[in-house]
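Subject: Structure handover

Hello,

Here is the structure I said I would pass on. My notes on what was found in it follow below.

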Amino acid sequence: MAPIFRWGFMGLVLTLIYIPILVLVVNSFNASKYGIKWGGFTFKWYEKFWNNEGLMGAALNSLTVSIVAASVATVIGTLAAVALHRYHFKGKALLSSMVFVSMLTPEIVMAISLLIVFMALGIKLGFISLVIGHITFCLPFVIVAVYSRLKGFDMKMLEAARDLGASESSIFWKIILPLALPAVASGWLLSFTLSLDDVIVSAFVTGPGYEILPLKVYSMVRVGVSPEVNAISTILLVVSLVLVVISQLLLREDK
Amino acid sequence: MRSSFGSFRFWAIGLASVWLTLFVFFPNLLVIFTSLLTRDPQATVSLPVNVDSYVRTLDVLYLQVLWDSLRMSLLAMVFCLLIGYPFAMAIVSLPKRWQPVILFLVILPFWTNSLVRTYAIQFILGNQGIINKSLIGLGLIDKPLQLLYTQFAVILGLCYILLPFMVLPLYSALEKLDIRLHHAAKDLGAGPLSRFWYITVPLTSPGIVAGCLMVLLPAMGMFYISDLLGGAKNLLLGNVIKTQFLHTRDWPFGSAFSVILIVLLGFMLWLYFRASRFVSKQGGLNGSDF
């Protein structure tokens, strides 16, 4: 491909990807209610969101779920990545294929399978079920992020530590964790954004008493135009963008 | 080394194993089991075991929905491939320094809220949206075009949301391609088209299958895309499953549709492993990335 054509094609695709996002962001500051023409710059949709108790409550719930789910997923995922990288054990192939499958399973299938299992185990739908569901779809992302970082390690250092009498847990705390920390942090940030943005799994496993922001947004945009949605959407977009950029910078550092 | 209760090793292996067994393995078995049960208004599902739900998916009405959903998802997959392949090739041909930057720009939207981005598309395609407004402004049309609530809109939305999933595996397959094969073929007189068709495409087939898998399967489930862009008529399989679970409360029937998706996933994984085996036999790539 000729360079001009190549850059032109890439530029075009990237522009098409970012235009809708840009339109949304610009419109969240548009004073005209239906966003048809530019009615001047305003913060009033953000104010409306801020003053809407239902929406703020849902936002707070979302934050809580995301922080808890990302943290638990990061702990379990980091340990699992270390286990998959360091140990040989019975069922290792099964564990890694479960990680693989859970990453590829369409979200809708995961959503109904979780709903069925919550019913079978008698877990009430609400905060707990949401957190469990979010941990489950975040887990493989953390495992893969940490695992691929561990693959780049010099294993001799760990062997030396063991020969000198270090226990497995002190090897983890003193050597593996500090070295893998960027990947662990990036895994947490990615889990947090995945959890904060999830619609499909949440739609199935949430209960009537526990509202979260993406589902609120979903029901609002189905009904019709409400400009606060532009403001909420912009906030969600900016939060994810910032966190993902940070997580990528963490991974890039000292590579 | 044995893992005793309380040791680091015990927890490292145990936590994830228990979690994934309890919330991935076991639930998937339950879906298959539920699809074989009978609907019960009181207890949601009950015995006896039967295959009625599967028989009902063959009903003309549902076959039509299934076919429409499959067609829209397949078209989205094809368009993603047609855009994603040259795009991935263009990235690979860039200087090493630039590759991660462009790749990052494509993947970045994946991490943002896809519902919000679908809503943005709705905003653009609507009768009062940018496209119709500009076309009318330019005097090209008098009445707004019906872009929203069509199959076209659903396919566009699916492509828009799922394109990164196509580009990523294609990029990693293309990146591993040995450029010397191309030089050799060129020396032997192969033109650019036959080099592409006989070398690049077969050796990147695992990437192609992986990309198709990662677009097609989610595409069938993304109920909010058809909801916001397709209106009530253009349904995806995800909408049917959602209705059966959350509104009609016919769990066995909804589960039967999900099992269809699981079977499709299994089939595509089989295709993927076959393609990677073919490629590693040819000596191009080394195994999967995982």
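**Around B:Ser226**

B:Ser226 sits in helix H11 of chain B, which covers residues 223-230. Please keep in mind throughout that this is a predicted model. B:Ser226 has a relative accessible area of 0% and is therefore buried, the cut-off for that class being under 20%. A polar atom of its side chain lies 3.1 Å from the backbone oxygen of B:Phe223. Leaving aside residues up to four places away in sequence, B:Ser226 touches B:Val154, B:Gly231, B:Asn234, B:Leu236 and B:Asn239.

**Chain B as a whole**

Chain B has 13 helices and two strands. Its C-alpha trace spans about 75 × 70 × 40 Å along the principal axes. Of the 290 residues in chain B, 52% count as buried. Taking the contacts in chain B between residues at least 6 apart in sequence, 68% join residues at least 24 apart.

Two residues of chain B have backbone angles to look at. B:Tyr149 is not a glycine, yet has a positive phi of about 60°. B:Tyr149 belongs to the loop that runs between helix H6 (130-137) and helix H7 (151-175) of chain B, and with a relative accessible area of 43% B:Tyr149 is partly exposed. B:Arg249, also not a glycine, has a positive phi of about 55°. B:Arg249 is in the loop between H12 and H13 of chain B, and is partly exposed at 38% relative accessibility.

**Where chain B meets chain A**

How many residues does each chain bring to the contact? Chain B gives 78 residues and chain A gives 82 residues. The size of an interface is often given as the accessible area lost when the parts come together. Between chain B and chain A the buried area is about 7400 Å², and carbon and sulfur atoms give 84% of that area.

The interface of these two chains holds one salt bridge. That salt bridge pairs B:Asp227 with A:Arg222, and their closest N and O atoms are 2.9 Å apart. Nine residue pairs are in polar contact across the interface of chain B and chain A, with both residues of each pair at pLDDT 80 or more. On the side of chain B that touches chain A, helix H1 (residues 8-35) of chain B supplies the largest share, 20 residues. By residue class, that side of chain B divides into 59 nonpolar, 13 polar and six charged.

**Salt bridges**

Over all chains the structure holds eight salt bridges. In chain A, one of them joins the side chains of A:Glu211 and A:Lys216, at 3.4 Å from N to O. A:Glu211 is partly exposed, with a relative accessible area of 41%.

In chain B, the side chains of B:Asp250 and B:Arg56 form a salt bridge at 3.1 Å, N to O. B:Asp250 lies in the loop between helix H12 (237-247) and helix H13 (251-282) of chain B, while B:Arg56 lies in helix H2 (residues 52-57) of chain B, so this pair ties together parts that are 194 residues apart in sequence. Are the two partners buried or exposed? B:Asp250 is buried, at 3% relative accessibility, and B:Arg56 is partly exposed, at 39% relative accessible area.

Another salt bridge in chain B is formed by B:Asp68 and B:Arg71, whose closest N and O atoms are 3.4 Å apart. Both residues are in helix H3 (residues 60-92) of chain B, and they are three residues apart, about one turn of the helix. B:Asp68 counts as buried at 16% relative accessibility, whereas B:Arg71 is partly exposed, with a relative accessible area of 30%. Elsewhere, A:Arg86, A:Glu159, A:Arg162 and A:Glu168 are joined into one network by salt bridges that share partners.

**Cysteines**

A disulfide is a covalent bond between the sulfur atoms of two cysteines. How many disulfides are there over all chains? The count is zero. B:Cys80 is in no disulfide, and the nearest cysteine sulfur, that of B:Cys159, is 4.2 Å away. B:Cys80 is buried, with a relative accessible area of 1%. A:Cys138 is buried as well, with a relative accessible area of 0%.

Regards

Definitions and conventions. Residues are numbered from 1 along each chain as its sequence is written. Chains are lettered from A and ligands numbered from 1 in the order in which they are written. Side-chain values use heavy atoms; hydrogens and water are left out. Contact means heavy atoms within 4.5 Å. Buried area is the accessible area (1.4 Å probe) that two parts lose on being put together, summed over both. A salt bridge is a side-chain nitrogen of Lys or Arg within 4 Å of a carboxyl oxygen of Asp or Glu. A polar contact is a pair of N or O atoms within 3.5 Å; within protein, one must be able to donate a hydrogen and the other to accept it, and residues adjacent in sequence count only if both atoms are side-chain atoms. Helices (H or I, at least four residues) and strands (E, at least two) are DSSP runs, numbered from the N terminus. Ala, Val, Leu, Ile, Met, Phe, Trp, Tyr, Cys and Pro count as nonpolar, Asp, Glu, Lys and Arg as charged, and the others, Gly among them, as polar. Buried means under 20% relative accessible area, exposed over 50%, partly exposed in between (1.4 Å probe, protein chains only). A disulfide is a pair of cysteine sulfur atoms within 2.5 Å.
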